[in-house]
Each structure stands twice: as C-alpha cells, then as structure tokens.
Amino acid sequence: MISLFRRSLTARTVVATVLLSALALVTLGGFLSYSLANGFYQNRLDQVLSETERAVSSVQGTVSAASVNDETALQTLINSVVPSLEIVGGSGSRQVALLRSPGQAQLQLFQSPISQDLDLKTIPEELRVQVRESAGKLTYTPVSFSKDGVLVAGITVGAPVVIPLAGNFELFLVFDLSAEQQSLALVQSAITVAGIILLALIALVSYLVTRSVVRPVERAALAAQTLSAGKLDERLVERGDDVLAQLARSFNKMAASLQQQIQQLDSLSKMQQRFVADVSHELRTPLTTIKLAGEVIFGNREKLDPALSRSAELMQNQIERFESLLADLLEISRYDARAVVADLETQDLNAVVGASIASIEPLARAKSTEIRIDLPNGPVEAEFDAKRIERLLRNLLSNAVEHGEGRAIIVQVGQNASSVAVCVTDSGVGMSRLQLDRVFDRFWRADPARQRSVGGTGLGLAISKEDATLHRGWLQVWSKPNKGTSFRLTLPRRSDSVIGNSPIPLPPRSVQT
C-alpha cells in the first residue's frame with residue numbers, strides 16, 4: 001500500500017484532495033453545528049425566560065391579591081397556583097419548585113410545593129444564592145438531568161417570590177430541552193451524512209480529473225522507459241492542441257532526433273571499430289617483415305659503427321612497442337565487436353599471482369622495488385581465464401613498479417564464500433580525483449611526460465577493465481596524491497554466481513592505518 005502510494009501520482013493527489021476537503025468540511029461542519037446549537041439554545045432561552053416571567057407574575061399577583069388569614073387557606077391557594085405551572089409530557093415539559101429562603105421562621109403547617117419527579121440537583125445552591133441576590137430579576141443556569149434513563153439538557157430559571165404570612169420564597173422552573181437536543185442531533189447527523197457523501201463525490205471527481213491529466217504523463221513516462229531500454233521507435237499519440245498534446249509532440253520530436261543521432265553514432269562507431277580492426281590486421285604483415293629485418297640488423301649490430309648500432313637498438317625497441325600496440329588494438333577491437341569469449345577453468349589464483357610476479361621481477365629489480373606477497377593458507381580456487389587474469393595482473397604490477405618511486409609493493413590475495421580478490425598497492429605518487437575518473441580511459445596516461453621503462457600503449461588498464469567485466473568481476477581503484485594507489489580485482493568463485501562483497505577492503509588496512 002505504501003509503495004503504491006509512493007509510485008502513484010493519482011493516489012497521492014486524490015488522498016491529498018480528500019484530506020484537505022475533509023479538513024475544510026470538518027471546520028465548516030463544526031462552525032455550522034456550533035451556530036445551530038447556539039441558535040436553538042438562544043431561541044429556547046428567550047421562550048423560557050418569557051414563560052418564567054409570566055409564571056412568576058401570575059404567582060406573585062395571585063397570592064398578593066388573595067385575602068387569606070390563616071395557614072390552611074394560604075396552603076390551599078399555593079397548592080392550587082404553583083402546580084398549575086407544571087407541564088407534564090411533550091417536548092416542552094417543565095417542572096416547578098417553590099423553596100423557602102433560608103433564615104426565616106417556619107410556619108407549622110405550610111409546605112413548599114415541588115414537582116413529583118423533580119431532582120433537586122437541577123437547582124444548584126449557587127443558583128439559589130443568585131436568585132436571593134437578584135433583586136427580583138430572573139436568574140438561570142443550564143443543567144442536565146436524567147429522563148427515562150437518558151441524560152438530557154435543560155434550563156433552570158429562578159426568581160424571588162414574597163408570600164404574605166409565609167415570607168420570602170424562591171420559585172424555580174426546570175425546562176426540558178430534549179426536543180431541541182434531538183433537533184440538533186438530527187441536523188448534525190444530516191450534516192455528517194452530507195459531508196461523507198460530499199467527500200465521496202470529491203474523491204470521485206478528483207480521481208477522474210487527476211486520471212485525465214496523469215494518464216498521458218504516465219504514458220510519456222512509460223514511453224521514456226521504453227526509449228531508455230533501446231526501443232527507439234517508441235512514440236506517443238498526439239491528440240488536440242493542449243499542453244499534453246504539446247508534450248506528446250515534443251517527446252516524439254525528441255525521440256526521433258535521438259534515434260537519428262544514435263543511429264549515426266552507432267554507424268560511426270562501427271566504422272571506427274572496423275577501421276581499427278582492419279588497419280591493425282593489415283599492419284601485421286608489413287610489421288612481420290620489418291620485425292624480421294630488424295632482428296637481422298639487431299643481431300649484427302656489433303659489426304656496425306657505434307651510431308648505426310645504437311640506431312639498430314632503438315629501432316628494435318620501437319618495433320617491439322609497435323607490435324604490442326597492434327596486439328592491444330586488436331584486443332580492444334575484439335571487445336568492441338563482442339567477439340571475446342573467456343576460457344573459464346577452475347584455477348588457483350595464488351599460482352597465477354606467482355606467475356605474474358615472476359614475469360615482472362626483472363623490471364622490479366631494475367627499479368630497486370621490493371614486491372611483498374600476502375597469500376592465504378591453501379589454494380584460492382575460482383573459475384577464470386588464467387591467461388587473461390595473468391595479463392591483467394602483469395599490467396597492474398608494471399604500473400605499480402613504474403609509479404611506486406622505488407618503494408615496496410604489496411600484493412594481497414583474499415577469498416570469501418562468494419568471491420576471490422587480488423589487491424596491488426604501491427606507495428608512490430598516487431593520483432588526484434580528476435585522474436582517478438579517467439584512469440580506465442583508452443590512451444590516457446596520468447603523466448604523459450613521465451619516462452617509462454616499458455613501452456606502454458595507454459590501453460593496458462582499459463583492456464584490464466574489459467577482462468574483469470568479461471569475468472563478471474570488479475576492477476576498482478583507490479588513490480591519493482603522494483599516498484599511493486591500490487588496484488583491487490574481485491572475481492566470482494563460479495561464473496554463474498554473483499559477488500556479494502570483496503574479501504579485501506579498499507584501500508587495504510595497511511594503507512588505512
């Protein structure tokens with residue numbers, strides 16, 4: 001679900017629209033609910049106060065106008081007047097209570113009339129105090145009480161009443177607001193249902209609108225992926241003149257231009273590859289003749305005068321370098337033509353490393369460079385082409401000797417469950433970040449002016465990289481100026497396996513410390 005939300009622009013847009021709409025509807029619904037509740041309460045309060053005022057005037061006028069001389073007559077009058085204010089049942093029910101104000105002499109037989117089902121908790125003591133101090137004004141407070149087992153809202157209104165012969169009393173009317181509460185609940189339910197329906201409609205409309213906009217963009221994204229996979233004939237459907245149609249036309253123009261340029265570059269690349277292969281092949285025949293003639297001259301150089309003898313030596317060196325260059329060019333052209341197949345056999349990497357070091361020993365002695373070897377106990381077996389890996393290691397070792405400034409070179413071999421590795425480390429001049437980015441480029445040298453003891457062609461590391469890729473391995477490099485350079489070759493143990501991690505860190509721990 002989370003991945004779908006991340007990948008789908010439509011889902012994110014619809015969810016964001018629904019959430020923002022829900023927030024707006026909740027805010028609006030809350031405001032409407034509050035306004036309606038306040039309106040219902042205020043209207044009912046005005047009615048309650050008006051009814052209470054009439055009731056108090058009726059009671060006060062009746063008892064004041066009556067001519068009673070004893071408690072019995074007064075009690076009869078009060079019992080006939082006060083209960084008549086009670087309304088039982090219906091939506092506008094109200095209960096009544098006539099309570100004597102404290103601190104007065106009690107009449108022996110006089111009793112305060114109170115509605116039968118009235119809960120005196122609906123007449124809080126604070127309200128009674130306010131009524132006594134109100135100087136004849138109506139005082140009210142919102143209350144809640146139980147009705148048929150359900151808690152409902154109400155309003156208690158009180159006013160002082162003076163009864164001849166009995167003293168000061170407080171008349172309270174408790175009004176039931178359950179009808180208004182039900183009306184408000186009904187309106188709130190209607191608002192909630194309408195909000196849910198509106199949210200569903202907003203989600204549907206948002207989905208339809210978003211899909212109409214996003215679908216062409218998704219088609220363009222899919223076409224771009226297809227185009228990047230190499231299917232250059234992919235095109236979008238052009239309909240209308242809106243922005244999406246302009247996007248489709250622009251994409252199609254870009255795809256056509258890209259296809260044309262790639263075809264041109266592919267054709268040019270094939271021509272270059274064929275040219276290099278043909279020239280390299282054609283040069284081998286005259287080179288063979290030149291080499292034979294050069295060897296004859298070089299073999300008889302002692303019979304020549306010193307100047308001609310020196311020229312024979314230089315010519316022999318350049319012929320050998322020319323032959324190496326042709327061999328590398330032919331190898332690169334074979335890689336470009338994807339005509340190289342590795343001769344994979346299970347080999348001991350330690351033996352191949354030893355053979356590579358033995359072939360580079362003369363150069364190392366000439367440079368006064370020590371080669372130190374760190375091999376694990378026992379064989380390090382893997383499937384690889386021994387000739388290609390030995391050539392790769394010879395190239396790494398010769399570069400380390402050339403750029404190692406005469407310092408010791410460390411060759412480390414390692415293995416783990418999925419791979420084997422060789423790391424060649426020198427402590428020489430090193431390379432900068434810019435040089436590292438180009439170290440595997442063809443015909444590139446870190447320092448073109450640097451004198452070399454062996455006639456390098458500038459293709460060694462490029463071919464080494466291709467050899468490593470042919471084995472589904474890694475050839476990686478670490479270097480810092482004046483700190484040295486480490487090349488690490490990692491190969492899978494089997495040709496059908498995948499390298500998890502290299503058994504040797506890069507840079508090696510000896511360099512890290």
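Helix 8, residues 349-366, packs against helix 9, residues 386-403, at an angle of about 40°, and their axes are 9 Å apart. This is a predicted model, so please hear every value as computed from it. Helix 8 and helix 9 are therefore oblique to each other. Angles under 35 degrees would count as roughly parallel. The crossing of helix 8 past helix 9 is right-handed.

Who makes that contact? From helix 8, the residues are Leu349, Val352, Val353, Ala355, Ser356, Ile357, Ser359, Ile360, Leu363 and Ala364. From helix 9, they are Ala386, Ile389, Glu390, Leu393, Arg394, Leu397, Ser398, Val401 and Glu402. Sorted by class, the contact of helix 8 with helix 9 has 13 nonpolar, 3 polar and 3 charged residues.

Helix 9 has another partner to look at. With helix 11, residues 460-470, helix 9 packs at an angle of about 140°, the axes being 10 Å apart. Here the crossing is left-handed. On the helix 9 side, Arg388, Arg391, Leu392, Asn395, Leu396 and Asn399 take part. They meet Gly460, Leu461, Ile463, Ser464, Asp467, Ala468 and Leu470 of helix 11. This contact of helix 9 with helix 11 divides into 6 nonpolar, 4 polar and 3 charged residues.

Staying with helix 9 for a moment, please go to the loop between helix 9 and strand 8, where strand 8 is residues 409-415. Glu405 lies in that loop. Its phi is near 55°, which is a positive value in a residue other than glycine.

Helix 2, residues 9-65, and helix 5, residues 178-228, have axes that come within 8 Å and cross at roughly 160°. That makes helix 2 roughly antiparallel to helix 5. Helix 2 passes helix 5 in a right-handed crossing. By class, the residues in the contact of helix 2 with helix 5 are 18 nonpolar, 11 polar and 4 charged.

Now the second largest pocket. How much space lies in it? About 370 Å³. The second largest pocket is lined by 18 residues, and the closest to its centre are Ser93, Gln95, Asp117, Phe145 and Lys147. Which elements give two or more residues to the lining? They are strand 1 at 94-100, strand 2 at 139-147 and strand 4 at 167-176. Strand 2 supplies the largest share of the lining, 3 residues. As for class, the lining of the second largest pocket has 5 nonpolar, 6 polar and 7 charged residues.

The peptide bond from Leu506 to Pro507 is cis, with omega near 0°. Where does Pro507 lie? Pro507 is in the loop between strand 11, residues 484-492, and helix 12, residues 509-512.

To recap the helix pairs: helix 8 and helix 9 are oblique, and helix 2 is roughly antiparallel to helix 5. For helix 9 with helix 11, the angle to remember is about 140°.

Notes:
Residues numbered from 1 in each chain as written. Predicted model: local features only at pLDDT ≥ 70, side-chain atom pairs only at ≥ 80, totals over all residues. Heavy atoms only, no water. Axes fitted to C-alpha atoms, helices over the stretch in contact; angles between N-to-C directions. Helix = DSSP H or I, 4+ residues; strand = E, 2+ residues; numbered from the N terminus. Parallel < 35°, antiparallel > 145°, perpendicular 65-115°, else oblique. Left-handed = near helix turned anticlockwise from the far one by under 90°. Contact = heavy atoms within 4.5 Å. Nonpolar A, V, L, I, M, F, W, Y, C, P; charged D, E, K, R; others polar. 1 Å grid on protein atoms, 1.4 Å probe; cavity = no way out; pocket = protein on both sides within 12 Å on 5 of 7 lines; lining within 4 Å. Points joined across faces, edges and corners; volume = space filled by probe spheres on them.
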